[in-house]
Amino acid sequence: MPRPAAAAAGTRRWGLLTVLAGNMLIDALEVSVLVVAAPAIGADLHLAPAGTQWTMSGFALGFAGLLLLGPRLAARWGRRRLYLGALAVFAVASLVAGVATDPVLLVATRFVKGGCAALTAPMGLAIIMSVFPDGPARRRAISVYTLFGASGFTLGLLLSGLLTGWDWRFTLAFPAPVVAVLFVAGLRLIPAQEPAAARQPLPLARVLLLTAGTAALVGGIAQVPTDGWTGPRTAGLLLTAAVLFALLVVRERRSAAPILPASVRTSAALRRSALGAACLNGSYLGMLFIATLQLQDELGRSPLYTALAFLPASLPLALTALHSGAMVARFGARPLIALGSLAAFAGYLLLLRESTSYVTGLLPSLLLVGAGFVLAFTAFNTQAVSEAADSDKAVAGAAYQTAVQAGAALMPALAAALLTAGTGTPDHRSAHLLVAAVGLLGVVTALAGLVVPTTVRHSPKESG
């Protein structure tokens with residue numbers, strides 16, 4: 001290839017990476033962008049914490065619901081068409097969310113945006129793998145993509161703090177013009193891909209059962225403050241969730257084309273990673289939800305103060321993202337997961353002191369949780385796919401991320417239920433005990449992984 005043509009191809013590839021990484025940043029910051037805005041949303045729309053948490057859980061539900069469907073949709077319609085379609089829907093949902101006055105419509109837009117993120121975030125990595133040649137260029141591209149994803153949570157908190165000070169609706173609407181620009185650039189830069197010749201059937205019914213079951217579970221928990229744990233609405237929704245999950249298991253076992261192949265279903269490493277990461281991610285979001293309400297509603301702190309206060313937990317991961325792979329390669333995934341889970345659990349225990357001082361109360365906990373994510377975040381991802389066959393690693397990764405997002409959907413609902421149940425006075429201790437209990441489950445899962453023999457299929461450091 002002539003040198004000018006090679007240079008043009010290289011420029012085009014890095015332009016494509018800018019689009020993919022930029023959208024990955026948007027997808028990641030959407031996880032946290034409403035954390036700081038939650039009290040303002042609740043006050044403006046007259047929602048109790050159990051209602052406000054749906055703005056966080058709704059996004060996680062949409063994300064979890066479509067992750068496992070994404071690869072089959074891409075095989076049927078092609079990556080380019082699906083990616084661009086998801087970008088367009090995401091931008092429209094952002095605009096609708098910015099003007100929504102009905103809480104149901106607001107949560108619906110969050111669900112839609114979560115579903116779009118579930119399609120674009122993993123697909124962006126797949127496009128990188130197909131466009132960038134194996135070697136240093138691909139490794140740099142993946143590093144950039146990973147860095148943008150790891151930085152998104154921190155940026156979401158900062159933007160939430162800044163924009164909520166003007167109007168919380170800006171936190172919902174601001175992605176629309178950014179994504180519109182990425183869409184226009186993507187029309188030119190994202191390569192076309194023919195749909196697969198052999199199309200697998202779409203497991204729409206099973207994906208619907210998974211999503212509806214999780215939504216019913218969250219909905220049942222959200223009814224606790226007004227209906228109690230044994231009230232008819234709570235019990236009805238929880239029973240509905242149990243029935244839907246049971247139907248999902250039955251249909252998956254009888255299917256000739258299960259969502260999870262055998263090498264994924266039988267992977268103990270995936271199960272440990274999914275449960276451990278769900279505990280870590282869920283307990284962290286639960287802690288932030290409790291702290292947000294306490295700082296703003298009870299202590300009168302500003303949204304910007306709250307966002308800056310949370311940085312010690314989120315910033316370390318963004319700063320160390322490029323070195324996390326080397327850390328896993330050197331020490332192995334299992335020890336890092338155990339140390340990370342222990343650090344986070346120690347942080348949750350400190351919160352039981354219920355100190356109102358930021359420096360001696362919340363800050364040490366945030367630092368420990370931040371250390372936990374630095375140690376365990378990449379290790380969880382590595383361990384999750386370590387036992388899957390090469391052809392099934394993408395599905396294993398999607399199953400793992402589904403569990404992580406399920407934890408993100410459930411924990412804010414549980415925290416809100418315990419925080420506001422009973423008397424009108426917020427029960428911080430019960431909510432923090434829940435967070436600590438979930439953190440302890442993560443520790444137990446991690447320590448159990450240390451005593452499991454390493455699979456012979458991979459090296460110890462690969463499987464962790």
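User: Buried means under 20% relative accessible area, exposed over 50% and partly exposed in between, with a 1.4 Å probe and protein chains only. What share of the 464 residues of the protein counts as buried on that scale?

Analyst: Of the 464 residues, 52% count as buried. Please keep in mind that this is a predicted model, in which local features need pLDDT of at least 70 and side-chain atom pairs count only at pLDDT 80 or more, while totals for chains, interfaces and linings use all residues. Residues are numbered from 1 along each chain as its sequence is written, and side-chain values use heavy atoms, with hydrogens and water left out.

User: What secondary structure does the protein have?

Analyst: There are 22 helices and zero strands, where helices (H or I, at least four residues) and strands (E, at least two) are DSSP runs numbered from the N terminus.

User: How much of the contact set joins residues at least 24 apart?

Analyst: Taking contact as heavy atoms within 4.5 Å, 83% of the contacts between residues at least 6 apart in sequence join residues at least 24 apart.

User: Which residues have the most contacts inside the largest nonpolar core?

Analyst: They are L106, Y284, M287, L288, F310 and Y348, in a core of 125 residues. Such a core is a set of buried Ala, Val, Leu, Ile, Met, Phe, Trp, Tyr and Cys residues joined through side-chain atoms within 4.5 Å. Helix α20, residues 393-420, gives the most to this core, with 14 residues.

User: What does F310 touch?

Analyst: Not counting residues up to four places away in sequence, F310 touches V35, V36, L157, L288, A291, T292, L295, L362 and L366.

User: Switching to L172, is that residue buried or exposed?

Analyst: L172 is buried, at a relative accessible area of 0%, and it sits in helix α9, residues 169-173. Beyond its neighbours within four places in sequence, L172 is in contact with L34, S94, A97, G98, L106, R110 and K113. L172 and A93, which are 79 residues apart in sequence, lie 9.0 Å apart C-alpha to C-alpha.

User: Where is I221, and what does it touch?

Analyst: I221 is in helix α11, residues 204-222, and it counts as buried at 6% relative accessibility. Leaving out residues up to four places away, I221 touches L238, L410, A413, L414 and A417.

User: Which residues of α5 are buried, and what do they pack against?

Analyst: In α5, residues 70-77, the buried residues are G70, R72, L73 and A74, and they pack against α4 (54-67), α6 (79-99) and α7 (103-131). Just after α5, G78 takes a positive phi of about 95°.

User: Which residue has a positive phi although it is not a glycine?

Analyst: H46 does, at about 60°, whereas most residues other than glycine have a negative phi. H46 lies in the loop between α2 (38-45) and α3 (49-52) and is exposed, with a relative accessible area of 71%.

User: Last topic, the surface and charges: how far apart are the mean positions of the positive and negative charges?

Analyst: The mean positions of the 32 positive and 17 negative charges are 12 Å apart, with Lys and Arg counted as positive, Asp and Glu as negative, and His and the chain ends not counted. Each charge is placed at NZ of Lys, CZ of Arg, CG of Asp or CD of Glu. The accessible surface comes to about 19300 Å², of which 69% belongs to carbon and sulfur atoms, by the Shrake-Rupley method with a 1.4 Å probe.
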